[in-house]
Amino acid sequence: MKGTMQKIFDDSKTCPQKNRTASEGYAGGQTFIEITENNLTPNYQSENGLLERILSSSNLNTAYKQVKRNKGAGGVDKMQVESLKDYLVCHKDKLLASIHKGKYRPNPVRRVDIPKENGKKRQLGIPTVVDRVIQQSIAQQLQLIFAPEFSDHSYGFRPKHSAHQALQKWQAYITQGCGYAVDLDLERFFDTVCHSKLIEVLSRKVKDGRVISLIHKYLNAGVMKDGKFEESYEGVAQGGPLSPLLSNIFLNELDRELEKRGHKFVRYADDLVIFCRSQRSAERTMKNIVPFIEKKLFLIVNRDKSKVASNRNIRFLGYSFYKFRGKGRLRIHPRSVDKMRARIRELTSRSNGWGNDRRKVALRQYVTGWVQYFKLADMQKLLIKVDEWYRRRLRMVIWKQWKRIKTKGKNLIKLGVNKYKAWEWANTRKGYWRLAHSWILSTSITNERLRITGYVFFSDCYRKVRSC
């Protein structure tokens, strides 16, 4: 441990943040708390302000446990969550003092690019694990202050609020007769949040200037990408515990404006849909709300993606909507089905080198998780067709695993195929995909046998969750 710690401190000499903290050690590694598995004890006592509540033993202990539970990758210092406790035990006093004196400077976040559906990349910023503890402790206390102020129409990144609740709210609006919607796309929202506007919004409720200063330092911590440091003049880096809450605090300004104007809407994170009874009303709403977003909140509305459309032509959280017998209903959006099929192709690839046990576990986790998320949709008929295709892929994989003609023949005989037919099909030159659709495999590798061996199917899971 001592050698590892010394290496970390030596590496800090090349870090652009090395002079940004009051302590002489590595900027991302110090902490201010004595840690046991169930208790964090502060070494600094002061007046009972917001900063003191953030740094209290109970709050920090909860934050530490949450970061440990979330796991995740390391930041610029490459420290992993597994090393967090030992590291915090060894370094506590200097950082505590530097935070109270206002001299603490967070480390830059590590930039990670995540591919998006449209071929572009989503930029994530991964803080160091120690900074994640501090951010989590701040978020826990800010949540207590701002949660009562949040709109009932906001569902993302909030305790006891979910995507399903947002979708059910949409259903209710459709049933009430809202046939049109304004689908607003905030271009690169997390990357374009105006820091000064966010600090202004925070300052209305947070009167402890030390906390505002600390949050501002996190906003300005910068980014490390490919070994190069970049300043961060705007945006809230996705990837830290604090960014979801800050985004809700910022967009609550938009929520309140929409409520003041009397609009019906649903927002999940930066996905916003406003409901109207007519196309004309929706177009007027779009025209009037865009100036507020751009001139008051300093965000960018993507006019190419934002649109006024019938509810049935809008995609929200992977679902689409329709009306049946006067009631709003949900179904799977075609793009969500395409993504699901693409994932099943990956998990049932003939050349990924996976064993059957690993494949079964991966498929079970994906299928059950996917159905659990999309269980609100009417999709029984769709899933029956998907399962037919899915089982064909499983039979294709199994047939390829048998490899040799001798193995194929013997296995077919064991599964009850006539000896003559078994050897005839074992010697066939038809391709794997074509043969997977043949009657010989459908009647030998039956649906029930696949179930017994541990494969789960979409339609089975769907019937189960709908019956609960």
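Visitor: Leaving aside its neighbours within four places in sequence, what is Tyr319 in contact with?

Guide: In this predicted model, where local features need pLDDT of at least 70, side-chain atom pairs count only at pLDDT 80 or more and totals for chains, interfaces and linings use all residues, Tyr319 is in contact (heavy atoms within 4.5 Å) with His164, Leu167, Ile314, Leu330, Arg331, His333, Tyr373, Phe374, Lys375, Leu376 and Ala377. Residues are numbered from 1 along each chain as its sequence is written, and side-chain values use heavy atoms, with hydrogens and water left out.

Visitor: Is Tyr319 buried or exposed, and which strand is it found in?

Guide: Tyr319 is buried, with a relative accessible area of 0%, where buried means under 20% with a 1.4 Å probe and protein chains only. Tyr319 belongs to strand β11, residues 319-324, a strand being a DSSP run of E with at least two residues and a helix a run of H or I with at least four, numbered from the N terminus.

Visitor: And how many helices and strands does the chain come to?

Guide: The chain has 21 helices and 12 strands, and buried residues make up 49% of its 468 residues.

Visitor: Changing topic, at what angle do α15 and α21 pack?

Guide: Helix α15 (residues 380-402) and helix α21 (residues 458-467) pack at about 150°, with their axes 8 Å apart; axes are lines fitted to C-alpha atoms over the stretch in contact, and angles run from 0 to 180 degrees between N-to-C directions. The two helices α15 and α21 are therefore roughly antiparallel, a term that applies to angles over 145 degrees.

Visitor: Which residues make that contact?

Guide: From α15 come Gln380, Leu383, Ile384, Val386, Asp387 and Tyr390, and from α21 Phe458, Ser459, Asp460, Tyr462 and Arg463.

Visitor: What about the largest pocket, which residues lie nearest its centre?

Guide: Among the 42 residues lining the largest pocket, Lys116, Arg122, Asp185, Asp271 and Arg315 lie nearest its centre. A pocket here is an open set of points on a 1 Å grid over the protein atoms alone, where a 1.4 Å probe fits, with protein on both sides within 12 Å along at least five of seven lines, and lining residues have an atom within 4 Å of a point.

Visitor: What volume does the largest pocket have?

Guide: The largest pocket has a volume of about 1,600 Å³, a volume being the space filled by probe spheres set on the grid points, which are joined across faces, edges and corners. The second largest pocket holds about 490 Å³.

Technical notes: Parallel < 35°, antiparallel > 145°, perpendicular 65-115°, else oblique. Buried < 20%, exposed > 50% of the residue type's maximum accessible area, 1.4 Å probe, protein only.
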